[in-house]
Amino acid sequence: MEYFEAGGARMPRIGLGTYDMHGAGAIEAVRYGLELGYRHVDAARMYANEKDVGAGIAASGVPRDQIFITTKVWYTELQRDKLLRSAEASVKDLGCGVADLLLIHWPAPGMAISEMVASVNDAVDAGLARHIGVSNFTPAMIREAQAVTRHPLITNQVEFHPFFRQEPLRALLAEKGMALTAYQPLARGATQGNPVLEEIGRAHGKTASQVALRWLTQQDNVLAIPKSATPARIRENLEIFDFRLSADEMARIAALGRDDGRRIDAPFPFKWD
């Protein structure tokens, strides 16, 4: 496993996403992933599965202090009292004692960045989170949030994959000492079958998806949280640290990116910059 350090946190470069996973399938995926070697589990209150994720963590037998647990507060719950209640419920359902990382899931429409950031800072002060960050923040929002936070913001979790350019945002986050955590890193399966990724994969004895994940995690401050409930895929997504891409291969993959390659949009009218 490779790690990235920011704001006093040591974050595994690859994590197990849990969106749209529920019940026995979620429990088994989390248990298997942790037994296999994952040490970062990404959850969210909105996913409505934190009890299942917590059960999977408990079933794995991996000591709590070896697991980096992320969860997120939905945009309708960012006022201070609501956020603290949401974080408290998440920690309880996950059975984790304290979240290693608590994120603002989406910036709330009409709410000041300073108010959102103050609320998530209060979760650290209340002992509900060790570290904090944001998700789906634009560069302008990152600058504003960094100017008002009391505790370090250690990551911005956003859509990022070979088909969507995020270099300006990644570079800004690096400048601010933050990680970019890539969700949908496999572009909803679009990495499989891509000629460039397939060709590079054959040269390394890897799949196209493994090449995409390596391309992400080989960048200075990028983490990835692929999601799968299939044991073979869970294993495949973890087995990416035994090879390195050349500078030429990294550039060929970067050339696949487009400014309009976004596949996920906000759950409300939102202006990306």
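Biologist: Where does glutamine 184 lie?

Modeller: This is a predicted model, in which local features need pLDDT of at least 70, side-chain atom pairs count only at pLDDT 80 or more, and totals for chains, interfaces and linings use all residues. Residues are numbered from 1 along each chain as its sequence is written, and side-chain values use heavy atoms, with hydrogens and water left out. Helices (H or I, at least four residues) and strands (E, at least two) are DSSP runs, numbered from the N terminus. With those names in hand, glutamine 184 lies in the loop between strand S9 (179–183) and helix H7 (195–204).

Biologist: Why does glutamine 184 count as partly exposed?

Modeller: Buried means under 20% relative accessible area, exposed over 50%, and partly exposed in between, using a 1.4 Å probe and protein chains only. Glutamine 184 counts as partly exposed because its relative accessibility is 24%.

Biologist: What is the phi of glutamine 184?

Modeller: Most residues other than glycine have a negative phi. Glutamine 184 has a positive one, and its phi is near 50°.

Biologist: Which residues lie nearest the centre of the largest pocket?

Modeller: A pocket is found on a 1 Å grid over the protein atoms alone: it is an open set of points where a 1.4 Å probe fits, with protein on both sides within 12 Å along at least five of seven lines, and lining residues have an atom within 4 Å of a point. Here the lining has 33 residues. Nearest the centre are Tyr19, Tyr183, Gln184, Lys227 and Ile264.

Biologist: How much space lies in the largest pocket?

Modeller: Grid points are joined across faces, edges and corners, and a volume is the space filled by probe spheres set on the points. For the largest pocket, that space is about 710 Å³.

Biologist: How do the residues of this lining divide by class?

Modeller: Ala, Val, Leu, Ile, Met, Phe, Trp, Tyr, Cys and Pro count as nonpolar, Asp, Glu, Lys and Arg as charged, and the others, Gly among them, as polar. In the lining of the largest pocket there are 14 nonpolar, 13 polar and six charged.

Biologist: Which residues does methionine 46 touch beyond four places away in sequence?

Modeller: Methionine 46 sits in the loop between S4 and H2. The C-alpha atoms of methionine 46 and tryptophan 74 are separated by 6.1 Å, although the two are 28 residues apart along the chain. Contact means heavy atoms within 4.5 Å, and by that rule methionine 46 touches Tyr19, Trp74 and His105.

Biologist: Is tyrosine 47 buried or exposed?

Modeller: Tyrosine 47 is found in the loop between strand S4 (40–42) and helix H2 (50–60). Leaving aside neighbours within four places in sequence, its contacts include Thr18, Tyr19 and His22. Its relative accessibility is 11%, so tyrosine 47 counts as buried.

Biologist: What is the relative accessible area of methionine 11?

Modeller: Methionine 11 has its place in strand S2 (residues 9–12). Not counting residues up to four places away in sequence, it touches Glu2, Tyr3, Phe4, Ala6, Phe68, Ile154, Ala179 and Leu223. Methionine 11 is buried, with a relative accessible area of 0%.

Biologist: Which residues in H9 do Ala29, Tyr32, Gly33 and Leu36 in H1 meet?

Modeller: H1 covers residues 23–36 and H9 covers residues 231–238. The H1 residues you list meet, in H9, Pro231, Ile234, Arg235 and Leu238.

Terms used:
Axes fitted to C-alpha atoms, helices over the stretch in contact; angles between N-to-C directions.
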